[in-house]
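Visitor: I would like to learn how to read a structure like this one. Please take me through it residue by residue and strand by strand.

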Amino acid sequence: MKLAGSVVSRLGRKLLVVESDAGQLPPLYTEVADEQSSPVGKIVDLYGSVSRPYLTVLCGKDSAADVHTGDKLYVIAETKPEKPWKNFHRKYGHESGASRR
């Protein structure tokens, strides 16, 4: 599996900040897994400098419980980036499906 980066920080229960390598920067909205190949979440943001980029990973239900600072995350090879909000509510715990306007 391709390395996405190392976890630098956790923000609450559903967000991870990951430091990535500029030479192996994964695309947005790809799924990531931990070292045991267990799915963790999806990359939802890229930021930082070109030489030292950071990723924000939005974790699925109960998937971030075993991820700690310093753990490595990997891109799940068979996933392709999809439309950013397709299935978002169903997959990441927003059961109502009602959109905010």
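Guide: Start with Ser-20, which is buried at a relative accessible area of 8%. Buried means under 20% relative accessible area, exposed over 50%, and partly exposed in between, with a 1.4 Å probe and protein chains only.

Visitor: What kind of model is this, and how are residues numbered?

Guide: This is a predicted model, where local features need pLDDT of at least 70, side-chain atom pairs count only at pLDDT 80 or more, and totals for chains, interfaces and linings use all residues. Residues are numbered from 1 along each chain as its sequence is written, and side-chain values use heavy atoms, with hydrogens and water left out.

Visitor: Where in the chain is Ser-20 found?

Guide: Helices (H or I, at least four residues) and strands (E, at least two) are DSSP runs, numbered from the N terminus. Ser-20 is in the loop between strand E2 (15–19) and strand E3 (31–33).

Visitor: Which residues is Ser-20 in contact with, leaving aside its neighbours within four places in sequence?

Guide: Contact means heavy atoms within 4.5 Å. With those neighbours within four places left aside, Ser-20 is in contact with Ala-4, Gly-5, Leu-25, Pro-26, Pro-53 and Leu-55.
A polar contact is a pair of N or O atoms within 3.5 Å; within protein, one must be able to donate a hydrogen and the other to accept it, and residues adjacent in sequence count only if both atoms are side-chain atoms. Here a polar atom of the Ser-20 side chain lies 2.8 Å from the backbone oxygen of Ala-4.

Visitor: Is Asp-34 buried or exposed?

Guide: Asp-34 counts as buried, at 12% relative accessibility. Its place is in the loop between E3 and strand E4 (39–48). The Asp-34 side chain reaches the backbone nitrogen of Gln-36 at 3.1 Å. Beyond its neighbours within four places in sequence, Asp-34 is in contact with Met-1, Val-40, Lys-72, Leu-73 and Tyr-74. The C-alpha atoms of Asp-34 and Asp-71 are separated by 7.5 Å, although these residues are 37 residues apart along the chain.

Visitor: Which strands does E1 join, and over how many bridges?

Guide: Two strands pair if DSSP finds at least two bridges between them. Strand E1 (residues 2–11) runs antiparallel to E2, with 5 bridges, and antiparallel to strand E6 (residues 72–75), with 4 bridges. Leu-3 stands opposite Tyr-74 in E6, while Ser-6 stands opposite Glu-19 in E2. E1 and E2 form a hairpin with 3 residues between them, and Gly-12 in the turn has a positive phi of about 70°.

Visitor: How many helices and strands are in the chain?

Guide: The chain has 1 helix and 6 strands, in the order β-β-β-β-β-β-α from the N terminus. Of its 101 residues, 34% count as buried.
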